[in-house]
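Thank you all for coming.

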Amino acid sequence: MTRLSPVLGPLTLRQRWRRARLQAYSWSLTGAYRLGALHPAIWRMVARGYHPALDRVAARHARLACQFAAVDVPAYRDFLRTRGAGQARRLADFPETTKQNYAGVYDEESRCQEGRLHRAGVIVDESSGSSGKPYNWVRGPRELKGIYRNAAGYIELVFPGRKLFVINAYSMGAWATGTTTGTAMTRIAMVKNTGPDLEKIADTLEHFGPGYDYVVTAYPPFLKHLRDRLDEAGFPWADYRVRGMVGGEGMTEALRDYLEERFEEVRSGYGASDLTIGMGAESGFSVALRRRLAADQGLRDRLLGPGEQRLPMIFHYNPLETFLEVNADGELLCTINTKTCLQPKLRYNVGDEARLHTLAEVRRALGDEAYESAWTDERMNLPLLFLFGRKDSTISYMGANLYPQDVEYGLYQGNPYASAINRFCLSLEELPGLEYRPVINIELRGEADRELLADICRKGVAAHLSAVSRDFAESLKEDPTAADLRVKVYGLDEGPFAGLTKMKNIYLVKDA
């Protein structure tokens, strides 16, 4: 399909004057943000000193970003015109953009400021293709510098150490996370970009020895593979200080607990190739809050809505740089406020379901005593993003929605054979009589009793679902056979896992 390539064209005198005013205002705000990220120490001070009054400034800047793009970005001008929103003024009047209605319709150049793409220092990233088709995303040098500063400031805040050594295990291909993480970490640490190579990482740890404060950056499943590989080799964990920074997909507390049996701590970040890297990040407070949510239905009701049974990831985010909204369907909208963004992202809907809360709202829901006891040394004062993940990543079963995160809990929590699991995915199997049942497909690493592993996993997932899903628990009462989940165990690269080369796991497959 040929994508549209509108050009900016001549501007009227009024448009040029409006463009100049908006540009000056936007650059002044962006310059103030950049001052706050010049050094990791300043970044920490801003993160700890953020005041809720700045939310209004952030909202105004998001509206300004849309208004400026309306006269400066050819694709966005055309997008607004075709939707009758050319005269939009309020932020809510600007229509949502998505991969389908914007990024997939207009070419890269027309989505850039002034319709100009080619310039020195531009980096082209590629998304992982987990949505079916890889997309190219471009970022300019000034934009990248801001990303590097933010990532470095966060890592130094959450993983303090005198001799930081980052082992970057993200893919080193055209994916945004790997190369960006490696470059960002050089600001504050010694870095080795191993990529997702277990043997290289094991060799690196052995070669450089225990005298460093190691941070391994990776996708969550790979960090599990690393733990299992080092355990098999008898790695002396007690002699080393190793921490983990993960991203790219959600992580359950069951997997975190499994990892933290060896890693000193594991934290997660949130980003999207469509938008930017490092939109949100965990702190000790957000992890404690998430664990409290898991055990307190009343708190879930107050923060997430009555009857909500899912457990979201929780991240701090900075509205001054990435202004977030939630639409009527509960989907996250993001506007990149900074003027340095080469391809402006404006009320962009990446398809994630979420809730947003200020710290004051969380404090009221928790109560003062519980709120204070959850604080840790990071003390980030930024608001919180409660992220459920992609809205369409579910399978319906017995009136309940089956989420990959819930399955992961059941597979790893209290499972003595968790190390034998390489990865998993969900599928639907058609039975006689047009009945469908969900199937949990497990890829095995090494040797294990497949029947025993399948039985333990089946019981673990059913137990977790009955604990967190009222619909599933009710189904069990009415029909005990609902606990008979289908579990299929495959060897490496067999069944639905054959030929999968993507860096991120795929959790839903059409045919197994």
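I begin with the lining of the largest cavity, which by class has 8 nonpolar, 4 polar and 2 charged residues, where Ala, Val, Leu, Ile, Met, Phe, Trp, Tyr, Cys and Pro count as nonpolar, Asp, Glu, Lys and Arg as charged, and the others, Gly among them, as polar. This is a predicted model, in which local features need pLDDT of at least 70, side-chain atom pairs count only at pLDDT 80 or more, and totals for chains, interfaces and linings use all residues. Residues are numbered from 1 along each chain as its sequence is written, and side-chain values use heavy atoms, with hydrogens and water left out.

What do I mean by a cavity? On a 1 Å grid over the protein atoms alone, a cavity is a set of points where a 1.4 Å probe fits but cannot get out, whereas a pocket is an open set with protein on both sides within 12 Å along at least five of seven lines, and lining residues have an atom within 4 Å of a point. Grid points are joined across faces, edges and corners, and a volume is the space filled by probe spheres set on the points.

By this rule there are 5 cavities of 30 Å³ or more, and the largest has a volume of about 100 Å³. Its lining consists of 14 residues, and Ala65, Phe68, Thr338, Lys339 and Pro344 lie nearest its centre. Helix 3 (residues 54-72) gives the most to this lining, with 4 residues; helices here are DSSP runs (H or I, at least four residues), as are strands (E, at least two), numbered from the N terminus.

The second largest pocket holds about 530 Å³ of space. It is lined by 21 residues, with Gln15, Ala70, Val71, Gly86 and Gln87 the closest to its centre.
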